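Colleague: I would like to go through this model with you, one topic at a time. Could you keep the answers plain?

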Amino acid sequence: MSQKRIGVIGGDGIGPEVVAQAIKVLSAATGGDAFVFTQLPWGAEHYLQTGVTVPEGEFERWRREFDAIFLGALGDPRIPDMRHGRDILLGARMRLDLFINMRPIKLLDTSLTPLRDRAPEDIDYVIFRENTEGLYVGMGGQLRPGTRHEVATSAMIATYRGTERIVRAAFDHAVEHDLGRVCLAIKHNAIPHAHGLWNRVFQEVRTEYPTIDSSQLYADVAAMELVRDPTRFDVLVTSNLLGDILSDLAAQTVGGLGVAPSGNIHPGQVSLFEPVHGSAPDIAGQGKANPLAAILTAAMMARHLGYGEDAGRIERAVQMLIREGVTTPDLGGSETTVSAGDAVCRRL
Ligand code: NAD
Ligand code: IPM
Ligand code: MN
């Protein structure tokens, strides 16, 4: 297989700490030079020093020069409006048209779930979050800003094409992975225009997949069901903001943000992989960050690029570690970010 070129953005806070462990594990699993990594400096520090969040032409360069992008996290208390995060992360999602935000929710060990009497086979599904539309497009504005008569708007966008492709991707994923059920979670009762479109598109597309058991829940009820009975989900498809919220909630049912991977994907094009968590300023620089989310994200990226066997080995090594209780403090252990990464390498 040809060598895979990965652009790496460590980013801010715990981002660089967990990314270093993920690269170490991926290199160990694939035997050294199957993946080559190019560090990219984009993040808070670069922005504060140069005023540039991400240079002109950078996303086009990624398409030419990389097979995938691996990102740690962005977010810095010195940049309260998250300008750089929007330019870099939301910029990549929009400009590279990474319309699938795929967030697997898989319980690796019974000890990790706060849900009563749940075992690994009970919580194993994937969230397909729409990633280029909804409330994230940045359309809107302010009238009379800074006054008590201020008006602010943020438009929610749903297009037929954008909705159809994420719904179809969810069904295709179910077919390809022998998963029986696809569930839609939206709020067309409260948001008749944009989510009404989602509802109609879902009804249309589902007829093309007669072997898949399709259902729908209002997103508020879906949040409840993720806690009450996670066994009922295989693939959950939802809009951008709802997917953001539901995926953090779902992550906590399997151990929290320290073990939640994700991929921002456009099939066949350069895609971006990142843990679900943010830069965690509260624990940055203390060696406390759990690197497993980033390590599982590296496995996801490896699988996406054709290294499925190595990905499986990484996932099994992570699972062993959790079962042995060799974990960072968020999971009740006493490992550091680096020692947890080393432990994964040894299990490999
Ligand atoms: P966060 O995900 O950074 O942290 C939430 C909580 O989870 C914190 O208590 C943190 O310590 C804990 N946590 C997160 N990752 C962890 C890990 N790997 N190991 C152990 N504990 C972990 O969310 P936040 O605090 O709301 O946001 C901090 C910054 O990150 C903000 O600027 C936010 O905008 C940004 N953010 C970025 C991304 C991203 O880059 N993809 C995602 C979410 C938030
Ligand atoms: C995520 C994050 C981002 C989002 C933020 C940092 C803009 O929370 O990737 O889940 O809301 O999508
Ligand atoms: Mn989020």
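Colleague: Is Ser 247 buried or exposed?

Modeller: Please keep in mind that this is a predicted model. Ser 247 is buried, as its relative accessible area is 2%.

Colleague: Where is Ser 247 found?

Modeller: Ser 247 belongs to helix 8, which covers residues 240–252.

Colleague: How far apart are Ser 247 and Val 276 in space?

Modeller: The C-alpha atoms of Ser 247 and Val 276 are 8.2 Å apart, with a separation of 29 residues in sequence.

Colleague: What about Ile 245, is that residue buried or partly exposed?

Modeller: Ile 245 also has its place in helix 8, but it is partly exposed, with 49% relative accessible area. Together with Leu 135 and Leu 241, Ile 245 forms a nonpolar patch on the surface. The accessible area of these three residues together is about 230 Å².

Colleague: How do the residues of the lining of the largest pocket divide by class?

Modeller: There are 20 nonpolar, 5 polar and 8 charged residues in the lining of the largest pocket.

Colleague: Let us change topic to charges. How many salt bridges does the structure hold?

Modeller: The structure holds 23 salt bridges. As background, side chains of opposite charge can pair when their charged atoms come close.

Colleague: Which residue forms a salt bridge with Arg 78?

Modeller: The partner of Arg 78 is Asp 76, and their closest N and O atoms are 2.9 Å apart. Arg 78 is partly exposed at 47% relative accessibility, whereas Asp 76 is buried at 16%. Glu 45 is linked with Asp 76 and Arg 78 in a network of salt bridges.

Colleague: What about Arg 118, which residue is its salt-bridge partner?

Modeller: Arg 118 pairs with Asp 229, with 3.7 Å between the closest N and O atoms. Arg 118 lies in the loop between strand 4 and strand 5, and Asp 229 in the loop between helix 7 (219–228) and strand 10 (235–238), so this pair ties together parts that are 111 residues apart in sequence.

Colleague: Are Arg 118 and Asp 229 buried or exposed?

Modeller: Arg 118 is buried, with 18% relative accessible area, and Asp 229 is buried, with 19%. The cut-off for buried is under 20%.

Colleague: How far apart are Glu 164 and Arg 168 in helix 5?

Modeller: Glu 164 and Arg 168 are 4 residues apart in helix 5, which means that about one helical turn separates them. They form a salt bridge in which the closest N and O atoms are 2.9 Å apart. Glu 164 is partly exposed at 22% relative accessibility, and Arg 168 is partly exposed at 22%.

Colleague: One last topic, the backbone. What is the phi of Asp 117?

Modeller: Asp 117 has a positive phi of about 55 degrees, although it is not a glycine. Asp 117 is located in the loop between strand 4 and strand 5 and is exposed, with 69% relative accessible area.

Colleague: And where is the place of Asp 178?

Modeller: Asp 178 is in the loop between helix 5 and strand 8 (181–186). Asp 178 has a positive phi of about 55 degrees without being a glycine, and it counts as exposed at 74% relative accessibility.

How values were computed. Residues are numbered from 1 along each chain as its sequence is written. Chains are lettered from A and ligands numbered from 1 in the order in which they are written. This is a predicted model: local features need pLDDT of at least 70, side-chain atom pairs count only at pLDDT 80 or more; totals for chains, interfaces and linings use all residues. Side-chain values use heavy atoms; hydrogens and water are left out. Patches are made of residues with over 30% relative accessible area and no salt bridge: like charges are joined within 9 Å, nonpolar side chains (Val, Leu, Ile, Met, Phe, Trp, Tyr) within 5 Å. Accessible areas come from the Shrake-Rupley method with a 1.4 Å probe; for residues, only the protein chains shown count as cover. A salt bridge is a side-chain nitrogen of Lys or Arg within 4 Å of a carboxyl oxygen of Asp or Glu. Helices (H or I, at least four residues) and strands (E, at least two) are DSSP runs, numbered from the N terminus. Buried means under 20% relative accessible area, exposed over 50%, partly exposed in between (1.4 Å probe, protein chains only). Ala, Val, Leu, Ile, Met, Phe, Trp, Tyr, Cys and Pro count as nonpolar, Asp, Glu, Lys and Arg as charged, and the others, Gly among them, as polar.
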